[in-house]
Amino acid sequence: MEITFQKEDGCQKYYSVEAPWTELEPRHREVVKALKSHARMPGFRPGKAPESMLRGRFHKEIREEILEHFLPEAAKSAVEKFALKPLVDPYAEAVAFEEGQAFKCTLIVEEAPPVPAVSAEGISIEAPKAEVKDEQVQKVLESLRQRAAVMKPLEASAGEGDFVVATLLKKGQVKPFERFLCALPQSEDAAERAVVGLKAGDGVDLEVKAEAHDHDHDHEHDHEHGHDHEHAHLAPGSYRLTVTKVARRELPDLNDDFAKDMGADNIEALRAQVRQDVEGQVQRDVRAIQEDRLIEALLEKHKFPVPPTLVERQLKRDVEELAEGLARRGADLNKASVNWEEVFKGRRPVAERKVAAYFLLESVTEKAGLTASEEEVNAYFAAKAQGTGVTPEKLKAYSEKEDQLGGIRQLIAHKKALALLLSQASVTFTEGKSTAQEEPNAPDPHSR
């Protein structure tokens with residue numbers, strides 16, 4: 001086998017591989033012999049078919065079997081001969097191989113990019129100030145209040161926004177079914193309109209006509225009351241609707257009693273705790289914006305190629321996460337009018353920046369000798385375990401079992417590299433803009 005260097009293109013190195021037929025012939029005989037022992041041919045008992053007939057009938061299978069064995073050998077030889085450090089398994093193109101002829105192919109090896117010495121000296125970035133306004137604290141308190149709401153039965157008639165449990169019996173059927181409805185006088189659903197003003201025990205005849213419902217209207221009011229609009233519309237027909245229960249969603253007052261239910265001594269103590277939590281989140285958000293913008297500036301300053309195979313993997317992972325997010329929000333991906341070709345095209349630059357950011361931080365980590373101590377790894381799992389009901393020790397044991405500890409140590413080291421780079425850069429904090437108004441568009445530096 002003869003392997004010669006052809007060219008280098010970015011992170012890819014191309015090698016020409018040639019081998020005479022005499023080098024592949026022994027393997028060819030082995031494959032044909034194994035095939036003859038179990039192959040079935042019309043008119044012949046197993047093991048009795050002529051080899052010439054087998055080679056013609058199973059030409060493609062024989063060729064693939066030989067290549068499956070020979071190509072990894074060629075890749076291994078190239079790696080050893082040229083002292084290569086491939087990031088992914090080397091792959092071949094322009095493969096020429098037929099029985100009795102010499103083997104030829106182009107072998108492609110992808111290595112880590114040559115990242116220049118990275119420094120953030122002289123780089124200036126802007127980020128919002130880590131400010132917490134009273135409105136933000138009040139919004140969180142209101143969210144806690146909404147979660148603490150209770151449903152209380154009503155003897156009175158259902159008013160707008162009240163909830164109703166009703167049974168519906170369709171004409172021609174013998175078994176009624178139960179529905180949970182929200183009393184909404186302007187609803188597109190006839191049942192939701194009909195229950196307004198009814199109390200438990202009241203009944204009403206309901207006529208549902210066939211009509212095209214616009215499902216793209218604003219359902220904010222429905223979702224606000226926890227209403228599942230996907231199942232709201234009834235099939236056309238005549239119904240007897242009977243109300244069995246009416247309830248109203250009552251919110252607790254923001255007072256000391258509510259605060260004690262939340263685990264605080266009084267409402268002021270709860271407000272202080274909420275402010276502290278919000279401040280912590282805002283500081284993390286501001287830090288993330290700083291890191292994103294610094295990475296963006298560094299990638300603009302230090303340009304280098306990235307391995308195409310890793311970009312493809314990152315791109316596939318990003319689009320899969322997008323699709324999973326759409327599915328979790330109830331989208332039918334088989335029916336959704338998504339141009340996935342355009343999605344892949346639009347997200348490719350982001351995937352390229354993510355891969356570049358990884359190698360940039362890896363370079364800083366190695367040159368600065370940054371590592372993750374065991375105490376830092378334990379602190380990482382302690383933070384991850386908060387509020388999960390799982391101990392940090394169990395999370396760590398699971399990560400070790402799944403061979404994830406190396407990636408977590410690398411993540412911690414990359415965070416140290418980011419901290420080092422931020423200490424070198426000049427950061428200007430802008431007034432009057434909250435972190436919610438900022439939209440960091442730089443790649444996630446920790447994506448692998």
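The model described here is predicted. Its structure holds 20 salt bridges. By the counting rule used, there are two cavities of 30 Å³ or more.

- Glu376 and Lys416 meet through their side chains in a salt bridge, at 2.9 Å from N to O.
- Glu376 sits in helix H11 and Lys416 in helix H13, so this pair ties together parts that are 40 residues apart in sequence.
- Glu376 is partly exposed, because its relative accessibility is 28%.
- Arg409 makes a salt bridge with Glu374, and their closest N and O atoms are 3.3 Å apart.
- This pair also links distant parts of the chain: Arg409 is in helix H13, Glu374 is in helix H11 (residues 374-385), and they are 35 residues apart.
- Arg409 has a relative accessible area of 30%, so it is partly exposed.
- Glu374 is partly exposed too, with a relative accessibility of 35%.
- Lys415 forms a salt bridge with Glu291, with 3.1 Å between the closest N and O atoms.
- Lys415 belongs to helix H13 (residues 405-424) and Glu291 to helix H8, so the pair ties together parts that are 124 residues apart in sequence.
- Is Glu291 buried or exposed? Glu291 counts as buried, because its relative accessibility is 5%.

**A salt-bridge network**

- Which residues are linked in a network of salt bridges? Arg27, Glu30 and Glu65 are.

- Glu192 is found in helix H5, which covers residues 190-194.
- Glu192 is buried, yet it has no salt bridge.
- The nearest side chain of opposite charge is Arg179, and it is 6.5 Å away.
- A salt bridge needs the two atoms to be within 4 Å.
- Glu192 does have a polar contact: its side chain and that of Ser187 are joined at 2.3 Å.

**The largest cavity**

- Rolling a probe the size of a water molecule over the atoms shows where empty space is left.
- The largest cavity has a volume of about 70 Å³.
- Its lining is made of His28, Arg55, His59, Ile62, Arg63, Phe97, Glu98 and Glu99.
- Helix H3 (residues 59-82) gives the largest share of this lining, with three residues.
- Sorted by class, the lining of the largest cavity has four charged, two polar and two nonpolar residues.

**The second largest pocket**

- The second largest pocket has a volume of about 220 Å³.
- Which residues line the second largest pocket? They are Glu296, Leu299, Glu300, His302, Lys303, Phe304, Val306, Glu352, Arg353 and Ala356.
- Helix H8 (267-301) and helix H10 (340-368) each supply at least two residues of this lining.
- By class, the lining of the second largest pocket has five charged, four nonpolar and one polar residues.

**A loop residue**

- Where does Gln173 lie? Gln173 is in the loop between strand S7 (163-170) and strand S8 (177-182).
- Gln173 counts as partly exposed, because its relative accessibility is 43%.
- Gln173 and Tyr239 are 66 residues apart along the chain, and their C-alpha atoms are separated by 9.7 Å.

- Most residues other than glycine have a negative phi.
- Ala83 is not a glycine, although it has a positive phi of about 55°.
- Ala83 has its place in the loop between H3 and strand S3 (91-96).
- Ala83 is exposed, because its relative accessible area is 62%.
- Ala94 also has a positive phi, of about 50°, although it is not a glycine.
- Ala94 is placed in strand S3.
- Ala94 counts as exposed, because its relative accessibility is 60%.

Technical notes. Residues numbered from 1 in each chain as written. Predicted model: local features only at pLDDT ≥ 70, side-chain atom pairs only at ≥ 80, totals over all residues. Heavy atoms only, no water. Helix = DSSP H or I, 4+ residues; strand = E, 2+ residues; numbered from the N terminus. Buried < 20%, exposed > 50% of the residue type's maximum accessible area, 1.4 Å probe, protein only. Lys, Arg positive; Asp, Glu negative; His and termini not counted. Polar contact = N/O pair within 3.5 Å; in protein donor to acceptor, adjacent residues only side chain to side chain. 1 Å grid on protein atoms, 1.4 Å probe; cavity = no way out; pocket = protein on both sides within 12 Å on 5 of 7 lines; lining within 4 Å. Points joined across faces, edges and corners; volume = space filled by probe spheres on them. Nonpolar A, V, L, I, M, F, W, Y, C, P; charged D, E, K, R; others polar.
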